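Please read them with the structure open beside you.

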Amino acid sequence: MHGASDSKALTSIDFTYEQLVDLKAALDKTAIVAVTDQRGIIQKVNDQFCEISKYSREELIGEDHRILNSGFHAKSFFKEMWRTIGNGDTWQGEVCNRAKDGSLYWVKTTIVPFLGENGKPERYISIRTDITAQKNIKKIAHIAYHDDLTGLPNRRSLSKRIEHEISTSLRHNKEFAVCFFDVNRFKNINDSLGHKIGDMFLKELARRLTEIDIQSNSFYRMNGDEFVYILEDVTLVHEMAAKILDVFKDSFVLEDYEFYASVSLGISIYPEHGESAAKLLKTADIAMYAAKAKKGNSYIVYKKEMPNTNDQFLVLETKLHKALRENKFALQYDPIYHLHKNNIIGAEVMVQWIDEEIGVMNQEEILPFASQCGLITQIDHWVLRNAIMQLAEFKPFVDDNFKIAINLSIETIKESNFINDLTTMLEQLSLAPHHLEIEISELGMLDKDIHLIDKINKLHDKGITISIDDFGTGYSSLNYLREIPINTLKIDHSFTHELNLVPANAKMVAAIISLANALELEVVANNIENGEDLAILKELNCQYGQGLYFNQPLTLKDFSKQIQNV
């Protein structure tokens, strides 16, 4: 326990600084005592302090207590301590310090602030007692090298493990793999369902990971939702990656919530992809971000030509800035068909970038990278502006129900001027708002804060329709379908393929269509790839669809020909 003390011995007596100095003299023989200024700079220490810390008085005076930091406590521990004493309250707690010789020791600590005439602390006196002998040293070592929440080995353990594996590999001329992964949109789980559910999710995830650990104690929690797995036998790398992805196949049921999650996994191999712990983690991280471009559960083994190595990352980011300035992007169109009438009723627009040096980058590659660079809203605005201008050119050739769908990030939608800028563009081109549909990923709906809800309601009031993309991949609390004015559900590709081979997929699609009908929503099947799936979708009374069965994404020229029947 630590925090503001309610000890009468420390809070009910109105000590002056001079009186406490006298008290310090009395405590010198039995306690560890230090005096610091308001910044925490050490001004005085007693002999007991020097003895336990192994530092001389001269080495301590003028330093702050970070000289003793063991790395055991989280930053939040000391942040709370400073908040307490900074408010003029006495703080008590147990602190693990590191002596000059590297040894750890524990002290039960009381810090008393002394206030100046302005009511703010001028100095602090800390009184400590050595409680190292009361601590279980094995327990200390375990805590120091394991994550408090999940119980998995932590970053400190990981560094030691990789160094050990490198040493072993050098002696025996063998490879090993570093698997780096994080939970897609974990922030949305925390923000929407609360940190308590977020913590419960991480604990349950750690339990599931431990069950598939074929080597024992080889999963590590880096921080937040980032995890690492060390695989000694690289011949099993694809098998182990599949096992990690399978951990996310079943839903997570926590208190009153049930939801699904997915993971992006990047893999690096020693020594091909790095000869140090830092390099291996970096290349695995690069591969992980490449996996994110595939959406949902996916993994990728690092390749040297990936555009995210340190130098290449900077080059690509510079090119992306330049492409925005020079209007170097192009739009592609993925037509949406009425499945029973077989006619085009609209299209989803996607951004493409063709660079003379790096070649073609499609939307699934551009957007994750743009998000990393902080350019996602600029890309969104480029797509939105150009799609609306093209929509105005399509107007003479399409009927009143024709729509252009644009997938936008939550960050863009929540911008303060977004709706005003959007309606101004539509008005300038004399376009009815209902010709425009904005797509939001279902996982994005986890970030259901009041600003997003307000924006969606205002868009609806303007006549702009809203569709939920990747429907079925989010969580099963579907209240947002009632609370937010949504027009269309786009069923995720993971459910719309192999409908004749995977009965569960057909059942899921049927359930989504039934739900949509009950709520008077339209349904679009994403990524239809073959005639068998199309036939089943028709039988299930799915209204609309898009995908490779009909055509590849089209250029502006080819799409214009399609809608003009040229």
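1. In which loop does Lys-54 lie? Lys-54 is placed in the loop between helix 3 (47-53) and helix 4 (57-60), where helices (H or I, at least four residues) and strands (E, at least two) are DSSP runs, numbered from the N terminus. Although Lys-54 is not a glycine, it has a positive phi of about 70°.

2. A word on the basis of these notes: this is a predicted model, in which local features need pLDDT of at least 70 and side-chain atom pairs count only at pLDDT 80 or more, while totals for chains, interfaces and linings use all residues. Residues are numbered from 1 along each chain as its sequence is written, and side-chain values use heavy atoms, with hydrogens and water left out.

3. The peptide bond that joins Tyr-270 and Pro-271 is cis, with omega about 0°. Pro-271 belongs to the loop between strand 12 (263-270) and helix 11 (277-292).

4. Helix 14 (residues 376-394) and helix 16 (residues 418-428) pack at an angle of about 20°, and their axes are 10 Å apart; axes are lines fitted to C-alpha atoms, for helices over the stretch in contact, and angles run from 0 to 180 degrees between N-to-C directions. That angle makes helix 14 roughly parallel to helix 16, given that angles under 35 degrees count as roughly parallel, over 145 as roughly antiparallel, 65 to 115 as roughly perpendicular and the rest as oblique. The contact (heavy atoms within 4.5 Å) is made by Leu-384, Arg-385 and Ile-388 of helix 14 with Phe-418, Leu-422, Met-425 and Leu-426 of helix 16. These residues divide into 6 nonpolar, no polar and 1 charged, where Ala, Val, Leu, Ile, Met, Phe, Trp, Tyr, Cys and Pro count as nonpolar, Asp, Glu, Lys and Arg as charged, and the others, Gly among them, as polar.

5. The axes of helix 16 and helix 17 (residues 450-462) come within 11 Å and cross at roughly 20°, and the two helices are therefore roughly parallel to each other. Here Phe-418, Ile-419, Leu-422 and Thr-423 of helix 16 meet Lys-455, Lys-458, Leu-459 and Lys-462 of helix 17, a contact that divides into 4 nonpolar, 1 polar and 3 charged residues.

6. Helix 8 (residues 186-193) packs against helix 9 (residues 195-211) at an angle of about 135°, with the axes 6 Å apart, and these helices are therefore oblique to each other. On the helix 8 side the contact involves Phe-186, Ile-189, Asn-190 and Leu-193, and on the helix 9 side His-195, Ile-197, Gly-198, Phe-201 and Leu-202; by class, it has 6 nonpolar, 3 polar and no charged residues.

7. Phe-186 and Phe-201 also belong to a cluster linked by ring pairs, together with Phe-248, Phe-252 and Phe-259. Rings of Phe, Tyr and Trp (its six-membered ring) pair if their centres lie within 6.5 Å. The charged end of Arg-208 sits over the ring of Phe-252, 3.8 Å from its centre, the criterion being NZ of Lys or CZ of Arg within 6 Å of the ring centre and within 35 degrees of the ring normal.

Notes: Phe/Tyr/Trp six-rings, centres within 6.5 Å; stacked < 30°, edge-to-face > 60°.
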